[in-house]
Amino acid sequence: MPGLTTALSIATQSLMVQQEALQVATNNIANANTPGYSREVLDLQENPPVQQSSLWFGTGVSANKVESIRDQMLELRIYDETQQQGNAQAQSTALQQVEGLFSDPTQGIGADLTAFFNSINQLSTDPTSIPVRQSILTAANNLANDFHSTVTQVDAIQHNQDLSVTQSVSQINQLTTQIAALNGQIAPLQQLGQEAGGLEDQRNELIGQLSQLTNVQVTQSDQGETLSTGNGTPLVVGTQSFALTTATGAGGMQHIFAQGTDITGTLTGGQLGGVLAVRDQSIPDVLSDLDGLAGGLAANFNAAQKKGFDLGGNQGQDFFAPAAPGAGAAAAFQVLATDPNAIAASSDGSPGSNGNLANLLAVANQKLPSGATPIDDYSNLVFNVGNWSSQAQAQATATQASLQQLNNQRASVSGVSIDEETTNLLRYQNAYQAAARVISTIDTLTQDLFNITTSTG
Amino acid sequence: MRVTNLTQNVLAAIWQAQDNEQTALEQLSSGKRVNRPSDDPAAAAEDVLNLSQQAQVDQYTQSTNSLNGLFQTADSALGSAINALNQAVSLGTQGANGTLSTANRQALAASIQGALDQVVQLANTSYQGSYIFGGTAVTSAPFSVVAGVVTYTTANGNAGINQATIADGLSIQTNVPGSQLFMQPGSNVIGSLEQLIAAVQSGDSTATSNATTAVSSALNYLSTQRVFYGNAMNQVSDEQTTLSQESTNLKSQENTLVGVDMAQAATQLTQAQTDDQAVLAAAAKVLPMTLLNYLPPG
């Protein structure tokens with residue numbers, strides 16, 4: 001029955017609810033800059049009215065639940081875009097290091113090749129000149145040194161990628177363990193129909209970090225979320241996480257295993273996928289190009305050497321160390337000749353003949369097994385390295401923009417607005433003050449009632 | 001729309017503006033539009049070939065300079081030999097006069113011997129340490145006097161010919177072997193001089209006259225052979241003009257490929273700076289603003 005007591009009880013409840021609302025607003029403000037935090041709102045509900053004769057009276061307010069505001073589909077889109085961004089960024093970073101080795105066209109293998117053949121051309125005007133012959137040896141050694149230093153540096157980049165594989169895998173394992181633990185806390189709450197709020201925020205944030213590393217598929221089950229890699233290898237099922245392991249595999253590189261199966265080739269997304277793509281595809285391509293160039297050049301030049309005679313009239317010998325074609329030819333590229341006399345310029349055995357220089361020079365235009373001449377082969381390599389890097393950079397920029405867009409959307413749905421919370425503070429403060437005033441008013445009314453009772457008694 | 005992450009957007013805008021600034025600055029300071037292969041992969045690859053061609057053209061130019069020196073030396077040696085032969089012809093014509101005394105004939109013969117010695121010396125001309133008329137045997141003098149007779153032995157000189165490449169697909173012959181120049185059967189420069197000396201010494205007017213005719217015909221032959229070097233010098237000189245033109249073309253092509261339009265880059269830098277300042281100014285105004293700025297304290 002409506003009366004002072006009912007009004008007092010409504011006001012008291014209101015005081016409590018406004019306090020709770022203030023607490024939610026305070027928590028939102030406190031977490032305004034917390035990564036992954038979704039703003040919370042207190043779900044207020046009007047109490048069921050009571051009927052008094054023919055009238056219905058309201059009975060105040062109660063707080064239903066604290067609800068986190070998030071769009072789960074948007075979160076999934078962000079995971080996907082994050083893994084693409086991580087992938088492109090990892091490739092772009094590594095490939096920019098690789099292209100740095102080929103960025104100055106006035107130095108390096110290309111310039112050395114030209115200088116080498118030019119020094120041979122110079123010898124054609126004076127075949128017996130020792131200084132010119134010496135300059136051919138110098139040019140050949142420069143070429144060998146640049147082959148070596150390029151291969152060494154490409155190897156070093158590949159090695160760094162390999163190190164980062166191990167690091168990524170250990171980060172992934174750490175994240176999946178944490179996610180499985182959170183699943184264990186969230187699932188019971190959800191089964192009771194309760195909001196897991198902050199815990200879900202944490203889990204989403206961790207899945208976001210995991211997406212940065214590799215592509216993750218998220219499926220919901222009654223045990224919580226199930227996470228698997230792009231090709232379906234389970235990472236987290238309910239409260240169980242499955243650790244990935246690494247072991248040294250073919251070529252001395254780290255391979256990734258899930259429960260004993262090598263899944264290295266199937267990991268294509270995220271930072272790990274990007275690192276693996278550079279380590280296992282781009283860099284081996286560069287090295288194999290260099291090997292083809294070095295091996296083919298050495299073989300062709302040696303063959304041309306043997307068609308002529310050196311300054312002493314002897315048949316030409318191998319000028320470069322004969323390399324087995326295939327892997328390692330660039331690293332093994334070496335100038336065997338140490339004596340300037342060894343250059344087989346002569347075609348008739350007399351020292352002044354330059355007849356075989358035409359054969360040596362022809363090597364510059366002779367096609368390598370790749371189907372291109374040495375300088376064309378190198379130019380193609382520069383194009384490939386630049387093109388890969390350019391594509392990865394463009395991809396990184398595009399995914400970054402799209403991720404920024406998605407994050408804006410997420411922020412629009414789930415982000416904390418200081419202005420909004422300030423407004424809420426004012427609203428709830430006003431309501432609190434009003435409820436307090438109601439209580440003091442009822443107090444006065446009650447006092448009045450007591451006074452009446454006292455004076456009549 | 002609820003906007004709650006203004007800072008991230010503002011930061012992204014600042015980074016974008018500064019990235020543009022950095023690119024414009026790099027292009028201005030290097031003078032190049034392509035500073036790494038990924039800036040324009042096709043142009044970077046083309047640039048590798050362009051620079052290789054430029055270096056090759058420089059090398060061809062250097063080769064033509066060396067060859068020019070060689071050809072001039074050879075040409076001037078042959079010119080002097082022709083003068084010596086002219087002198088021998090006029091001495092031979094005097095020797096054919098039957099009224100000369102023995103002493104005069106000996107004197108004439110000695111003068112002709114002098115001309116022969118000079119021709120042999122010229123035939124042994126060297127350029128930068130190599131004997132230029134020894135065929136491809138250039139390390140020792142090709143002509144030597146063996147038992148009073150000038151010989152061209154295969155041990156010292158041969159009939160070998162060298163070629164040098166002075167442009168893509170263009171090789172030129174760089175020497176004429178001494179045997180062909182000075183001992184060609186039928187137009188034997190040295191043989192006819194030796195014959196003339198013997199004839200003058202013997203006092204046989206007819207033989208002297210015949211020998212003088214032979215020297216004269218050898219002289220004509222040598223003049224014809226000398227044309228080779230004249231032509232070669234012309235060819236080298238023509239090629240130098242072509243190479244110089246090619247070098248200019250390649251440099252201009254390189255500039256088109258990887259060079260930057262300075263005016264445009266400077267404009268871009270100014271634009272990027274303006275953008276950067278505008279973004280920073282906007283950020284300074286927008287970021288500190290919340291409702292709290294307008295609420296009374298407390």
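# Briefing on a predicted model

B:Val89 counts as buried, at 18% relative accessibility (buried means under 20% relative accessible area, exposed over 50%, and partly exposed in between, with a 1.4 Å probe and protein chains only). The model is predicted: local features need pLDDT of at least 70, side-chain atom pairs count only at pLDDT 80 or more, and totals for chains, interfaces and linings use all residues. Residues are numbered from 1 along each chain as its sequence is written, chains are lettered from A and ligands numbered from 1 in the order in which they are written, and side-chain values use heavy atoms, with hydrogens and water left out.

**B:Val89**

- B:Val89 sits in helix 2 (residues 41-95) of chain B; helices (H or I, at least four residues) and strands (E, at least two) are DSSP runs, numbered from the N terminus.
- Not counting residues up to four places away in sequence, B:Val89 touches B:Thr212, B:Val215, B:Ser216 and B:Leu219, where contact means heavy atoms within 4.5 Å.
- Between the C-alpha atoms of B:Val89 and B:Asn293 there are 116 Å, and the two are 204 residues apart along the chain.

**Chain A as a whole**

- Chain A has nine helices and eleven strands.
- Its radius of gyration is 38 Å, well over the 23 Å that the globule rule gives for 457 residues, so chain A is more spread out than a compact globule (the radius is taken over C-alpha atoms, and the rule is 2.2 Å times the number of residues to the power 0.38).
- Taken along the principal axes, the C-alpha atoms of chain A fill a box of roughly 145 × 45 × 30 Å.
- Of the 457 residues in chain A, 46% are buried.

**Aromatic pairs**

- Over all chains, the structure holds 16 aromatic pairs; rings of Phe, Tyr and Trp (its six-membered ring) pair if their centres lie within 6.5 Å, with planes under 30 degrees apart counted as stacked, over 60 as edge-to-face and the rest as tilted.
- The ring centres of A:Phe320 and A:Phe333 are 4.7 Å apart and the planes lie at 35°, so this pair is tilted.
- Both residues lie in the loop between helix 6 (270-305) and helix 7 (357-362) of chain A, so the pair ties together parts that are 13 residues apart in sequence.
- A:Phe320 is buried, with a relative accessible area of 0%, and A:Phe333 is buried with 2%.
- B:Phe143 and B:Tyr152 form a tilted pair, 4.8 Å centre to centre with 45° between the planes, and both are buried.
- One aromatic cluster is formed by A:Phe116, A:Phe117, A:Phe147, A:Phe301, A:Phe319, A:Phe320 and A:Phe333.
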